[in-house]
Amino acid sequence: MAAPTGLLLLTSPSHQLFHKVPRILHYVSQKITQVLYIHLHPDLEECLQNQHGIDKNVCIPPSRSFLDFATKVYVESSKIKNFPDTRILLRNTGGRSSSHDVPLLHSVQEIYTDSGLPFADVTSYLKNWILFPSEPVMHQLPYSLMANSWSQESVLQSPSITDVLNTYHHVVLGGTFDRLHVGHKVLLTESAMRANAKVTVGVTDGHMNHKKTLPELLQPCGNRIQDVYEFLHDVKPWVAHKDIIVPITDPFGPSITEADMGCIVVSQETRKGGAAVNKRRLEKDLNELDIHEIQIISDDHHGAHEEDKISSSSQRMRLLGSLLCPPEPDPKLPKVPYVIGLTGGIASGKTSVCRRLEKLGAGVIDCDKLGHLAYLPGTDAFQDVVKEFGTDIVGDDGHINRKALGAKVFADKGRLTVLNQIVWPAIACKARELISQYANEGRSVCILDAAVLLEAHWDDFTHEIWSCIIPKKEAMQRIMDRDKLSEDTALQRIESQMSNEDRVQRSHVVLCTYWQPEYTQQQVEKAWKELQSRTNSNTSQL
């Protein structure tokens with residue numbers, strides 16, 4: 001039976017381990033489900049023999065070969081579906097610190113190792129670096145995984161073991177760090193390995209994120225800061241300090257204010273940023289930082305619309321059409337039909353998404369059309385609207401002139417609120433009638449298409465909320481092209497509505513129509529397939 005948290009101790013010589021990483025990770029992925037810690041100590045048995053005792057604090061030097069191996073492990077782990085959160089420990093690199101006794105954030109239940117030492121000796125060694133609240137179960141990796149079957153070519157391609165890294169008292173880096181992926185982990189690992197005392201991390205916030213792909217799906221800055229802190233705390237606890245993992249709203253943050261910094265770690269994409277930091281530091285009479293650059297990690301499985309490197313942007317794109325958070329069951333709602341509240345701002349592509357869902361089998365209720373019906377002559381809403389706004393809004397045909405009514409309400413938010421208080425309940429009543437009609441027809445899923453779904457509180461009679469979003473600039477361009485409006489007018493219409501961020505915070509599924517129609521279709525089909533799975537599961541439990 002698989003355990004939630006495990007530790008993998010690898011002790012074989014690095015040139016032997018390098019090519020075995022994929023099959024070792026595949027094996028361990030079947031044993032551990034949530035968090036996998038990895039402790040590397042190549043040639044451990046030989047080191048311990050030289051130290052004449054198992055309980056010696058045997059360290060390994062921070063080296064390029066260690067980082068290359070760590071990168072290999074992270075990259076290979078990313079290729080395995082549903083691989084547990086992986087953290088390569090650096091507690092045995094460099095000098096020993098008293099904070100090595102800080103426990104891991106997740107309690108280890110199982111240990112897997114390639115070491116030939118007695119398990120008692122392995123446990124004794126590990127306890128020099130890791131505090132175990134309870135005794136884990138030890139397992140030997142199968143011989144078939146560790147058999148010496150590597151080729152001469154793989155040995156020649158293995159990393160050097162002689163390149164010791166320069167280390168510094170204080171290291172700085174920055175980034176978005178949204179949903180930590182292997183690129184982030186490699187960046188943080190190099191920073192932590194080079195740091196002897198402190199790692200300062202600037203985490204982008206505010207307008208720094210506006211140009212990111214799908215910024216609405218970014219985790220809150222506080223969550224991203226916590227993720228970075230927890231990673232560093234586990235990996236090398238004495239360099240992790242909560243007060244120096246901070247939000248930044250400009251490209252520099254604390255990197256141009258702290259005199260004791262010695263190094264900045266950057267990616268290939270942000271090297272120019274490192275140079276800009278040094279320019280500002282020199283202007284402030286601070287020391288120039290050594291710049292260490294990590295390579296971009298390619299994504300062999302990226303989609304047609306995604307970046308060809310491992311990135312948070314691609315991860316956020318992969319969230320489109322997926323369930324972001326489980327809906328809370330509402331016992332007051334009937335089980336059938338299952339009602340999806342679909343909302344989105346002006347020009348967000350909501351109508352095209354509705355058409356796609358209808359083709360897949362969903363019943364659709366267009367609340368905009370219901371709004372036209374809500375105050376037809378003879379209805380209570382008609383009488384209330386005329387009484388409130390005057391008979392001059394009634395046209396020659398006896399119907400309410402929408403343009404005349406609009407002129408009275410759209411320039412006055414107070415008057416618009418009054419109109420909504422009259423019309424929204426009438427629309428809700430008609431929507432409920434149609435939901436009941438779909439239930440009688442045997443429809444299993446119904447889409448409530450409403451731009452003001454959340455403002456009108458119509459989500460009270462839906463099971464889930466789905467939102468359509470597009471970047472503001474794209475929405476403006478669509479409005480200008482479609483409605484022949486000026487840029488200022490288009491912007492006013494967008495900013496008069498609920499923001500994408502607010503919609504996404506309350507949504508279970510998010511869709512984006514910014515890219516080609518084929519990609520929108522993929523998102524819709526993905527969302528529909530997952531919905532069918534959820535609703536079928538719920539039905540089977542009745």
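This briefing covers side-chain interactions and nonpolar cores in the structure above. The model is predicted: local features need pLDDT of at least 70, side-chain atom pairs count only at pLDDT 80 or more, and totals for chains, interfaces and linings use all residues. Residues are numbered from 1 along each chain as its sequence is written, and side-chain values use heavy atoms, with hydrogens and water left out. The whole structure holds 26 salt bridges, 5 aromatic pairs and 0 disulfides. The largest nonpolar core has 60 residues.

**Terms for location**

- Buried means under 20% relative accessible area, exposed means over 50%, and partly exposed lies in between (1.4 Å probe, protein chains only).
- Helices (H or I, at least four residues) and strands (E, at least two) are DSSP runs, numbered from the N terminus.

**Salt bridges**

- A salt bridge here is a side-chain nitrogen of Lys or Arg within 4 Å of a carboxyl oxygen of Asp or Glu.
- Side chains of opposite charge can pair when their charged atoms come close.
- The search of the whole structure gives 26 salt bridges.
- One of them joins D260 and K198, with the closest N and O atoms 2.9 Å apart. D260 lies in the loop between β8 (245-248) and β9 (263-267), and K198 in strand β7 (residues 195-204), so this pair ties together parts that are 62 residues apart in sequence.
- D260 is partly exposed at 31% relative accessibility. K198 is also partly exposed, at 23%.
- K332 pairs with D330, the closest N and O atoms being 3.2 Å apart. K332 is exposed, with a relative accessible area of 71%, whereas D330 is partly exposed at 23%.
- R482 and D483 form a salt bridge at 3.0 Å, N to O. D483 is partly exposed, with 29% relative accessibility.
- A network of salt bridges links R64, D68, E190 and R194.

**Aromatic pairs**

- Rings of Phe, Tyr and Trp (its six-membered ring) pair if their centres lie within 6.5 Å; planes under 30 degrees apart are stacked, over 60 edge-to-face, and the rest tilted.
- The count by this rule is 5 aromatic pairs. The ring centres of Y27 and Y112 are 6.2 Å apart and the planes meet at 80°, so this pair is edge-to-face.
- Y27 sits in helix α2 (residues 21-29) and Y112 in strand β4 (residues 110-113), so the pair ties together parts that are 85 residues apart in sequence. Y112 is buried, at 7% relative accessible area.
- W424 and W458 also form an edge-to-face pair, with 6.3 Å centre to centre and 75° between the planes. This pair links distant parts of the chain: W424 is in helix α16 (residues 413-441) and W458 in the loop between β13 (445-449) and β14 (464-469), 34 residues apart.
- W424 is partly exposed at 21% relative accessible area, while W458 is buried at 4%.
- Y514, W515 and Y519 are joined into a cluster by ring pairs.

**Charges over rings**

- A charge sits over a ring if NZ of Lys or CZ of Arg is within 6 Å of the ring centre and within 35 degrees of the ring normal.
- The charged end of K72 is over the ring of F18, 5.3 Å from the ring centre.
- R280 lies over the face of F252, 4.6 Å from the ring centre.

**Cysteines**

- A disulfide is a pair of cysteine sulfur atoms within 2.5 Å. The count is 0 disulfides.
- For C354, the closest cysteine sulfur is in C468, 7.6 Å away and too far for a bond. C354 is buried at 5% relative accessible area.
- For C512, the closest cysteine sulfur is also in C468, at 8.8 Å, again too far for a bond. C512 is buried at 2%.

**Nonpolar cores**

- A nonpolar core is a set of buried Ala, Val, Leu, Ile, Met, Phe, Trp, Tyr and Cys residues joined through side-chain atoms within 4.5 Å.
- In the largest core, of 60 residues, those with the most contacts inside it are L8, L141, V201 and L232.
- Beyond its neighbours within four places in sequence, L8 is in contact (heavy atoms within 4.5 Å) with residues including I24, V28, Y112 and L141.
- A second, separate core has 35 residues, among them A381, A431, L453 and M498.

**Helix α12**

- The buried residues of helix α12 (residues 350-359) are K350, S352, V353, C354, R356 and L357.
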